[in-house]
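The following explanation is intended for a reader who meets this structure for the first time. Please keep the sequence and the model in view while reading.

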Amino acid sequence: MQSLDEYLDAYGGHLAKKCRDRLRPLHDPQGEPHPRVKELLRTPFPAQAHVITGAAKLLERNKTAFLICEMGTGKSLMGIGTVHAHANGKPYRVLVFCPGQLVGKWQREIRETLPGVTTEAITNWKEAVALLDKKSTASMCGEWYVIARDRAKLGAKWKPAVVRARRRVKTESGLKVTREVSTCPTCGRAVADDDGMLLPLEVLERKPTYCSKCQGPLWTFTGELRRWAPATFIHKKLKGFFDYLICDELHEEKSQTSAQANALGSLAAACKRTIALTGTLLGGYSEHVRPLLFRLSPRSVVQEGFDWSDAMKFAERYGRIKTVIREKEAGDGPRNRQSKGSSSSKTRSIEPGILPGLFGNHLLDKAVFLQLEQVATRLPKLQEELVPVAMEGAQAQAYKDLEEDMLAAVRTLVQRGNRQLLGSMVNSLLYYEDTCYAAWDPLGYYEGDRDGEGAFITVHVPTKLSADTIYPKEQALLDLVRKEKQAGRQCWVYVQITEKHGLLERLRSLLDRHGLKVGVLKANVELAKREEWIAKNGKDVDVVLSHPKLVETGLDLFDKGGNHNFCTLIFYQTGYNLFTLRQASRRSWRIGQEKECKVVYLYYAGTMQERAMGLMGRKLAAAEAIDGKFSTEGLAAAAEDEGSLAMIMAKNLMDKLDEDPALAWAKTGATQGAIEESEEAMKKLVKKFPKNAAKPEVTRAAKAEPVAKEPEILPFVKPEPKAEPQVGMSNLAARLAKIRLGRQLMAAK
């Protein structure tokens, strides 16, 4: 056996039997669902009913239940049903904490699901204060309150409070200079981050910051708005008022310090029980789950000895740590009277990477997992296609010139310990080929600091090509949308660069000139009105352009009444945010969808876009391993991740290491029908090996009657690594087909 997958294929059934014998689950899906499920106005699917039952039982022993359910499985219905089942006929009060665009949707779904309940939206702090009048009275029915997460955090206005003073500081090049900098009003120290880098005023304006030395506040209230943050008010004055808190899109509250995440922590502390809903819990870091565990279910992490500030300690056990040791040559060290000294410094940082022990120790006993295929067995086919596009001549030469200049400069700077050009290199190589028609600002770096002390060094000025040319990826997009229109299918196109270089307007104009009706969803459409915007404009267009973050959470891109159905989603640009990609790619493939769904990823071959697609596939496999979809590649990717996507792409470019996107995405298990050859190979293999045939790799034959004696389960021994030959598309198809066939045969047995 060459992999963990083969080992589980051979012995998985018997291992599962032993687990069932030794572990006693709170709820067995073979049993009956909770009797209160029958009272719901909307009849849940059997799998949804069992999730509701399991979560309700989980709330009997835990304060928090995590529902980690794939996008489109009906998390809102299951969250509502869990409250109804756990309350078991008693009156209750519920607070729903959700994205702003979903407030109306939550209220509608509550009324459509539960009989005899009331719903109310909390839109400002005054409405939260008004709840004090109800504090002394018991609820008479199910009372539901919905608050937008961006409203829950809004308190009084603040501003940075620092003192400008002259201090002697060290620049990036190591020189010590005297200059005017921001200092802490409490201790007088220059304001800097944990690495000693000076923080400019624009950074301090983003969020309230505290001095790294004395922990004194570097901000103050302005006095313009005197108001409570609703979450803070509920925590201080209405503790115990709500029986349940439902947190929708939990993964967006993973930050340790953001105001929105702190609002969630305040609300969870004020409510008796919490139901946390998400389809994408992790994005590659163990740190994504640690703050959530402390805020919502801290018992297991506290019992293991972790404190709130133990981010590094937690990552050492369940993630990956990068340690950089810098040593100065003896000649550069301090000079003693009769000798030369030396010095060294060590910095540690949390890197992407997750060990599977995190799943067993901190998630398995407090989470319910559900995949979309387990809910609706008759879901339409989902086809994910990776479409590489070759650049045209002038475009390819301009990209090559950009890559060579940026790569040479980055290598030189990295040798000096300067990484300031890495981000600029990654972004320019990701997006220049899509906007080569526009004028770009010179790309380069500052020799020294930006505050007037160092000069800007120009590395490359990207070539401005003709704006009249239709470039290859634009043509591929045009052809695809026209083809889908002829088939009676609407398209939704995701674009990352929506404001700069005029890309959004260029694509809109291109599609419009070729007879297509185009809609553009922009960020100026308010959160609460985006669902209404889609319903109003969706029926009259062939294609809509938008940034993926505008629709990534909670919005369905099809209407069950037939008003619109954007069943083809096209990523014109993907970026490198895994949370956004996973959420946005499932806006159409959901319960109630009747048409076959497509997700198409367009990228230029041989560019940074191709590297991003390959690395995104690897990241997706790692994230799925913690969401309940296990595979050898996923577990390996989770444990052996090498850094953030941007940094990995930069490193791969410098080392000329490429990840084949097709192979990387095939490992995720999410690509259903992504490669048509695999489906044809699958059909041929199924004909050759019928369902009741013995699997070729297993020597025992499949029998209808139970086996009298269980075969011995041999220990899995990881084979010695060996070089694999290059795998072509036809070999990949056969490999995928064999994996699927093996799983079908195991299910038949």
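The model is a predicted one. Its protein chain contains 26 helices and 21 strands. Of the 749 residues in the protein chain, 49% count as buried. Among the contacts in the protein chain with a separation of 6 or more, 77% are between residues 24 or more positions apart.

The interior may be considered next. In soluble globular proteins, nonpolar side chains tend to be buried together. The largest nonpolar core here has 70 residues, and those with the most contacts inside it are L67, Y92, W106, W144, I246 and W492. Helix α2, which spans residues 46–61, gives the most to this core, with 8 residues. Another core, of 50 residues, lies apart from it and includes L429, Y471, I497 and L602.

What surrounds Y92, once its neighbours within four places in sequence are left aside? Y92 is in contact with V83, H84, A87, L114 and V117, among others. Further along the sequence, its partners include S139, C141, G142, E143 and W144, as well as D243 and Y244.

Strand β3 (residues 117–122) and strand β4 (residues 142–148) run parallel and are joined by 6 bridges. Within this pairing, V117 stands opposite G142 in β4.

G116 is found in the loop between α4 (103–113) and β3. Is G116 buried or exposed? Its relative accessible area is 65%, over the 50% limit, and therefore G116 counts as exposed. Leaving aside its neighbours within four places in sequence, G116 is in contact with C141 and G142. The C-alpha atoms of G116 and E143 are separated by 9.4 Å, the two residues being 27 residues apart along the chain.

The cysteines can now be examined. A disulfide is a covalent bond between the sulfur atoms of two cysteines. A search of the whole structure finds 0 disulfides. C184 is in no disulfide, since the nearest cysteine sulfur, that of C214, is 3.7 Å away, whereas a disulfide requires sulfur atoms within 2.5 Å. C184 has a relative accessibility of 2% and counts as buried. C141, by contrast, is partly exposed, with a relative accessible area of 24%.

How many salt bridges does the count come to? The count comes to 23 salt bridges. In one of them the side chains of R586 and E70 meet, at 4.0 Å from N to O. This pair links distant parts of the chain, 516 residues apart: R586 belongs to the loop between α20 (578–584) and β21 (597–604), and E70 to the loop between β1 (64–69) and α3 (75–87). Both R586 and E70 are buried.

A second salt bridge joins R590 to D556, with the closest N and O atoms 2.6 Å apart. R590 is in the loop between α20 and β21, while D556 is in the loop between β19 (543–546) and β20 (568–571), and the pair is 34 residues apart. R590 counts as buried because its relative accessibility of 11% is under 20%. D556, at 27% relative accessibility, counts as partly exposed. Salt bridges that share partners also join E70, E384 and R586 into one network.

R489 and E484 form another salt bridge, in which the closest N and O atoms are 2.7 Å apart. Here R489 counts as buried at 12% relative accessibility, and E484 counts as buried at 1%.

The last topic is the backbone. Most residues other than glycine have a negative phi, and most peptide bonds are trans. N88 is not a glycine, yet its phi is positive, near 55°. N88 has its place in the loop between α3 and β2 (92–98), and N88 is partly exposed, with a relative accessible area of 42%. E249 is likewise not a glycine and has a positive phi of about 55°. Where does E249 lie? E249 lies in the loop between β9 (244–247) and α9 (259–270). With a relative accessible area of 4%, E249 is buried.

Definitions and conventions:
Residues numbered from 1 in each chain as written. Predicted model: local features only at pLDDT ≥ 70, side-chain atom pairs only at ≥ 80, totals over all residues. Heavy atoms only, no water. Core = buried A, V, L, I, M, F, W, Y, C linked by side-chain atoms within 4.5 Å. Buried < 20%, exposed > 50% of the residue type's maximum accessible area, 1.4 Å probe, protein only. Helix = DSSP H or I, 4+ residues; strand = E, 2+ residues; numbered from the N terminus. Contact = heavy atoms within 4.5 Å. Pairing = 2+ DSSP bridges.
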